[in-house]
Amino acid sequence: MQARMWAVNLFSIFLLGIFLTNPLSASGSTQNRLKLPALIADHMVLQRDHAAVWGRDLPGQAVTVTLQSVRNVGKADAAGKWRVEMRDLPAGGPYDMTIAGSASVTIRDVYVGEVWVGSGQSNMEMSLKETLDAGQQIAHAQVPKIRLFLQGHAMAANPAEEAQGRWVVCSPETAGDFPAAAYFFALNLQKKLGVPVGLLVAAWGGSFIESWMARDAFEASADGKALLAEWAQRTRKDLGLWNGGASRKLELANLRFLPKDPAKPPLAISQGTSATSAPDSGLGGLWKSDAAAGSSVNYSFSEKGGPKKAPAGRLTGTLWGGAWGFIGTQLKPDGTGVDLSAYDAIELEARGDGQYFIFTPQPSITDADNYLTPPFTATPQWKRHRISLDGLKQSGWGTPKPRTKEAVSGISFGVVVPTLAAIPTVMYNGMIHPLTAYSIRGAIWYQGEANEGHATEYGRFLPLMIQSWRKAWGQKDFPFLIAQLPLFRDPTDAPGESDWAEIREAQAMARREPKVETAVLLDLGEAKSIHPGNKSAVGERLAMAALHTAYGMPGSWTGPRFGSMTVEEKGKKATIHFEETGKGLETRGGGSLTGFTLAGKDGGFRRALAKIEGDSVVVWNEEVAEPKAVRYGWADNPVCNLFGKNGLPAEPFRTDRPVPGAEKPKAVPYTWKSVQIVGGGFVDGFVFHPTAKNVCYARTDVGGAY
């Protein structure tokens, strides 16, 4: 996915927007007291067998809900809240549903079927129009029995009641904006079950699991209590960023690229608001602004607003903590690149408050990655800044690539705002809790990339989150299906440690909870992109897990899955036994079996030979006399080829997994630090990890600017 011309990294920068919870919307005339939430509306899908309808009315008011001649009656309590339970609902529709209290409202085009929640970060949020074969898939998406309620981005300090969104019927006109993994999941379920499917999707790119957990989940663990206390302390320090947003102002004048040859003149960058204001031989002119939802950034221009009455541009805005905001211009009106290989710096005059960075969109950067400058600080007085172009660093998760100096297409200024490692509870409060009144069949979850490097905590948090969601819905053990992280980064068959493998393991361990299942995606993904385009296979495998876990249907749902390891006495070979074989073991692509490593008494892992023997795999290395541990697929992007005959990949594993309570030392969370610049001064936005002994600047999602 190519970044927008002047857009800062929309996936790697953690988008924080605050949506205020609105009162329940009124139905009927303004005089009516009957009010319904956004979830109870035209085109909705009710969960068959058991569903609920709720709202507000006059205290003590009787409310009757009629669906297909079946009447259910409830009564508003002293606060005006009412809820009607409907049981034994068969799948079908479309129906009209009448709700009668102090007024009468008819909800049109209602289906009864299966309702699933989808949640996670950007790979759950990624839309159908961004996937492989998007045009063809969208053209064939005439599936009116699939409906979507897309929950808007919302954070809240306390559990919110009202969801933000509307029901949308799947069609070629609407499907492009459907979250792709959830769409393909629903498509497979609808075809197999033959009933309508409703999707409630609440996802946010770059989000950490901590933000999706209810407060009671944190209070159930020592890790969670510590994180709650840390966050409470941080919010007291940065009140403006967490309570209404912090204002920002930056004025810019005399923008120019400085040539390497001092005898040549600088290349001016116009700061006007139209292309016609660009000076002769200059660049730019049509400046735009953008910001995360809930935040705002604006750009204005003054002919005499700069130093010595020079022309100047002005950024103003309000941003919440962790948000993003920027202004920028294309260097040419048609968006084509400019050759800056003869220039070595950007020079400008600036005044204002806050910190800012510059980035330059260029064709070598894909998947919303960019090259950024170090931050500079705006002061109340005009100050000249000279920023070396050679100092630009690639941000985000993209594979390092050389700058394409000969084809730079724009220049943008972004606001440095403290990033959010993991705000506890706020996405659960703002996006999940409003959905918990709605009856569902289960949930699908695609998240984990952001928690890279913290797999131990992730392994403890994921079961607690699942338990807390089930408690909030009042559905003790609804099925919870996890999209295990796919491959990413450069492929390797070398033994080593892997943060992504550890997250996959933590996701697999969540199966200790009842009715939790994983969809293994180890053969999917893209080495160069954290947002793989093949979401069709993701949805299909999640649906296979659902048909097994939620509906008890026969058929394959998983590939080979590790069971145990044995070593013959005085033997040099380890035998891996599988609790599931995926209808039998096989290699894919021909050739020998790959992906296994073996360790002996010294604990060092070596590449291993392996062969299939019946429903087991024998692993050995002539240099390892006494096998002690085996790993399979243990890398971010492992070279491995063990599959089931059902076409599904074997799940990665290690036999030397730490036992509960004896894990590797607890990961120390990144802590906010001010970093002294050589020559004097401090800047914010840096985080320091004392265990890993590294420093990150503006770390977001997976990676960040370093």
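The model is predicted: local features need pLDDT of at least 70, side-chain atom pairs count only at pLDDT 80 or more, and totals for chains, interfaces and linings use all residues. Residues are numbered from 1 along each chain as its sequence is written, and side-chain values use heavy atoms, with hydrogens and water left out.

R83 has a charged partner. Its side chain meets that of E85 in a salt bridge, with 2.7 Å from N to O. A salt bridge is taken as a side-chain nitrogen of Lys or Arg within 4 Å of a carboxyl oxygen of Asp or Glu. Side chains of opposite charge can pair when their charged atoms come close. E85 is partly exposed, with a relative accessible area of 32%.

By this rule the count comes to 33 salt bridges. Another of them joins the side chains of D636 and R489, at 2.9 Å from N to O. This pair links distant parts of the chain, 147 residues apart: D636 sits in the loop between β36 (629-632) and β37 (642-644), and R489 in the loop between β27 (480-483) and α9 (499-509). Helices (H or I, at least four residues) and strands (E, at least two) are DSSP runs, numbered from the N terminus. D636 is buried, with a relative accessible area of 17%, while R489 counts as partly exposed at 27%.

A further salt bridge is formed by the side chains of R561 and E517, with an N to O distance of 2.7 Å. Here too the pair links distant parts of the chain, 44 residues apart, with R561 in strand β29 (residues 561-567) and E517 in strand β28 (residues 516-519). R561 counts as buried at 4% relative accessibility, and E517 is buried with a relative accessible area of 6%.

Salt bridges also link R48, D49, E114 and R441 in a network.

Q121 is buried, with a relative accessible area of 0%. A polar atom of the Q121 side chain lies 3.2 Å from the backbone nitrogen of G448. A polar contact is a pair of N or O atoms within 3.5 Å; within protein, one must be able to donate a hydrogen and the other to accept it, and residues adjacent in sequence count only if both atoms are side-chain atoms.

Notes. Buried < 20%, exposed > 50% of the residue type's maximum accessible area, 1.4 Å probe, protein only.
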